[in-house]
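Open the model in your viewer and keep the selection tool at hand. Each stop below says what to select and what is there.

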2 protein chains.
Amino acid sequence: MTIEAGQARSAPTLEMVAAAAGVSRATVSRVVNASPKVSPCVVEAVQAAILRLGYTPNRAARSLANRRSMVIALVVPEDTTRLFGDPYFAAIVKGITDELDASDYVLNLHLARSESAQKTLAYLTGGNVDGALVVSHHSGDEFLSTLGRHLPVVFGGRPVDPEAVDSIYIDIDNVAAAYDGTRYLIDAGCTRIATVTGSGDMPAGIDRLEGFRRALAEAGMPADLVADGDFTMTGGARAARELLDRGESFDGLFVASDLMAVGAVTALRERGLRVPDDVKVMGFDDSPAALTGEVALTTVRQPSEEQGRLLARTLLQLLGGEDAARRTIMPTDIVVRQSA
Amino acid sequence: MTIEAGQARSAPTLEMVAAAAGVSRATVSRVVNASPKVSPCVVEAVQAAILRLGYTPNRAARSLANRRSMVIALVVPEDTTRLFGDPYFAAIVKGITDELDASDYVLNLHLARSESAQKTLAYLTGGNVDGALVVSHHSGDEFLSTLGRHLPVVFGGRPVDPEAVDSIYIDIDNVAAAYDGTRYLIDAGCTRIATVTGSGDMPAGIDRLEGFRRALAEAGMPADLVADGDFTMTGGARAARELLDRGESFDGLFVASDLMAVGAVTALRERGLRVPDDVKVMGFDDSPAALTGEVALTTVRQPSEEQGRLLARTLLQLLGGEDAARRTIMPTDIVVRQSA
DNA sequence: TCGGCTTGTGAGAGCGCGCTCAATCGCAAG
DNA sequence: CTTGCGATTGAGCGCGCTCTCACAAGCCGA
């Protein structure tokens, strides 16, 4: 054969396959799209031609004609450090990719922090994507809320923006989960409990603090030992040190993420405090981070991977024209290990 | 204004903007693409119309006409666990995104392991992407080598496939770097040195073992204490235990990645060995993992983030029609901390 | 005054594909 | 032998955009 480099470069088109198979473009199109009404022998001939030419459909053309791109975007308004640093994202992404692998859609990951946000938005609204999943949504990311006007969007976690009230999202009951976690510490005999919170601009951070407060209020304990750990490991350590530096001792510590809890435990031990003997520590997530530290964390488990899976499944439903529940709340429970 | 939902859903087109501005489609296109030969007053009118209608170019149409998608793919033939588990990837991705943020391209991340590989390949060769970066290339991923026939590709790390000899890649000299790391242990007085290797199906794994061997050979030491750690933390721990179980004691351990080294150090300490007093441990990468363990790792530093940046820059050059060096070797050095 | 030039603009042909609609072919019923 | 119907197939339009080319002004020197 004399199919040379030049030929290989310019990808074969439907037209060329049609010519090679001796049929019309429409018929090749039918074969490619597995239309039932093509006679078997023609199907065979066309498939042979496709194979021979190494034909791959041009998705730009297809999506132009089709008005569908078969691409789903995962938008994460975080920087690389956060994305890769927190195993929570790993779980979410795994759930999503697992679910999508079984579909015809491919996944696009967008780290949409600050500068590139505008470019990302143009990309998302430019018809490149049939739908979007948004995870780790901060206040200040309002541009994402408007996304819903252009395409189907499913949020992982309740959106902060009040404008986005009718968004579809999948979340856990952060207030109740944090309440339960704190309650566990109380029931374990802690008499003075502090907390390391997540970011104050994220619902997960705000709601977990709220749950913590409620549990303490109910038990008649003060909820004044609060420090912000910003959902990072070093932040967790810093927050724990800050709490210790206030001079008031505590025997329970509720931390709003495992990653921060690992940092906090390290900080406590630096100061000579034993976990759980001197301070009982409750994490949140049950991410792999819970097991990386020197003390295995007792933690509030949230089903992150399952959440990712459900996010994807919900979006696929929407894209398939089905309805989807506006809000889905997933269950949490407490995993008891060493730290509390 | 009576621009209602229905209107907002079907995105405004060039045509509509043209009508609104009272000019032709071609002129609007020129404005959108910042062509210099449009009179200032027309530019202004068009931009006003664009703003008023909320116009965003349809990228499918654009890429169809243009034969360029302004999208770059990052292909990582790993599963989510590996990708998120190893800080090396975080650094690479950060470098790439930083560089791309300044360009007009957007990044697509593809986890192309096994089942979804075929779908990914179709995507990549379907004209959705102008170029690709491939990182963490294993043998067995031959499909990636053929990618170069369809579009510009830059590899992070020398490709394994001999067919891909003329690929463009950016790497470090793994043999020399491992040699240096091992040499450091020898110079530090170690008399019996073991190694935990990376995957045997990746150049990085193979070459680092080779460098280790050379250093020991040169010093007249046997290089028989070798165990595979598969580039994961738990794998590193397992490999270290395996080495200890052989009954032959060693006082130096060269580990082919920091992540594995963290696992190995944990394993050594479990067995009551002190690091660095009983066993000096040398890591590789200088990733954040080097600092997460109980002992800060002395390690061979490779400039991962810079490598990511360079990968992106090189691909942009290729896409811009410029030539690029077929192979670029980045420098490494040794960062001395506690473990050796 | 005219031809040549630059500069800005519009008309129109694709880019590769899906989809509608009409045409064709058998074949059984009337 | 004609009619009708289902099963296949092909012709051609349109998706939204870029780009080439031709055209309309406005300007210069001759």
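**Stop 1: the two chains**

This is a predicted model. Select chain A and chain B together and look at where they touch: 45 residues of chain B and 45 residues of chain A take part in the contact. The size of an interface is often given as the accessible area lost when the parts come together. Between chain B and chain A about 3400 Å² is buried, and carbon and sulfur atoms give 58% of that area.

How many salt bridges are there between chain B and chain A? The count is zero. As for polar contacts across this interface, the rule finds one residue pair, with both residues at pLDDT 80 or more.

**Stop 2: the chain B side**

Hide chain A and keep the side of chain B that touches chain A. Helices α5 (59-66), α6 (80-85), α7 (87-101) and α8 (117-125) of chain B each supply at least two residues of that side, and so does strand β2 (106-111) of chain B. Which element gives the largest share? Select α7(B): the largest share, seven residues, comes from there.

**Stop 3: two helices in chain A**

Bring chain A back and select helix α2 (residues 14-21) and helix α3 (residues 25-32) of chain A. They pack at an angle of about 105°, and their axes are 8 Å apart. That angle makes α2(A) roughly perpendicular to α3(A).

Now show the side chains. From α2(A), select L14(A), E15(A), V17(A) and A18(A); these meet R25(A), V28(A), S29(A) and V32(A) of α3(A). By class, this contact has five nonpolar, one polar and two charged residues.

Zoom in on E15(A) and R25(A), which form a salt bridge with their closest N and O atoms 3.4 Å apart. E15(A) belongs to α2 and R25(A) to α3, so the pair ties together parts that are 10 residues apart in sequence. Over all chains, the salt bridge count is 39.

**Stop 4: backbone exceptions**

Most residues other than glycine have a negative phi, and most peptide bonds are trans. Select A34(A), in the loop between α3 and α4 (40-53) of chain A. Its phi is positive, near 55°, and A34(A) is not a glycine.

Next select V275(A) and P276(A): the peptide bond from the one to the other is cis, with omega near 5°. P276(A) sits in the loop between α13 (258-270) and β9 (280-285) of chain A. Finish in chain B, where a cis peptide bond joins V275(B) and P276(B), with omega about 10°. P276(B) is in the loop between α13 (258-270) and β9 (280-285) of chain B.

Definitions and conventions:
Residues are numbered from 1 along each chain as its sequence is written. Chains are lettered from A and ligands numbered from 1 in the order in which they are written. This is a predicted model: local features need pLDDT of at least 70, side-chain atom pairs count only at pLDDT 80 or more; totals for chains, interfaces and linings use all residues. Side-chain values use heavy atoms; hydrogens and water are left out. Axes are lines fitted to C-alpha atoms, for helices over the stretch in contact, and angles run from 0 to 180 degrees between N-to-C directions. Helices (H or I, at least four residues) and strands (E, at least two) are DSSP runs, numbered from the N terminus. Angles under 35 degrees count as roughly parallel, over 145 as roughly antiparallel, 65 to 115 as roughly perpendicular and the rest as oblique. Contact means heavy atoms within 4.5 Å. Ala, Val, Leu, Ile, Met, Phe, Trp, Tyr, Cys and Pro count as nonpolar, Asp, Glu, Lys and Arg as charged, and the others, Gly among them, as polar. Buried area is the accessible area (1.4 Å probe) that two parts lose on being put together, summed over both. A salt bridge is a side-chain nitrogen of Lys or Arg within 4 Å of a carboxyl oxygen of Asp or Glu. A polar contact is a pair of N or O atoms within 3.5 Å; within protein, one must be able to donate a hydrogen and the other to accept it, and residues adjacent in sequence count only if both atoms are side-chain atoms.
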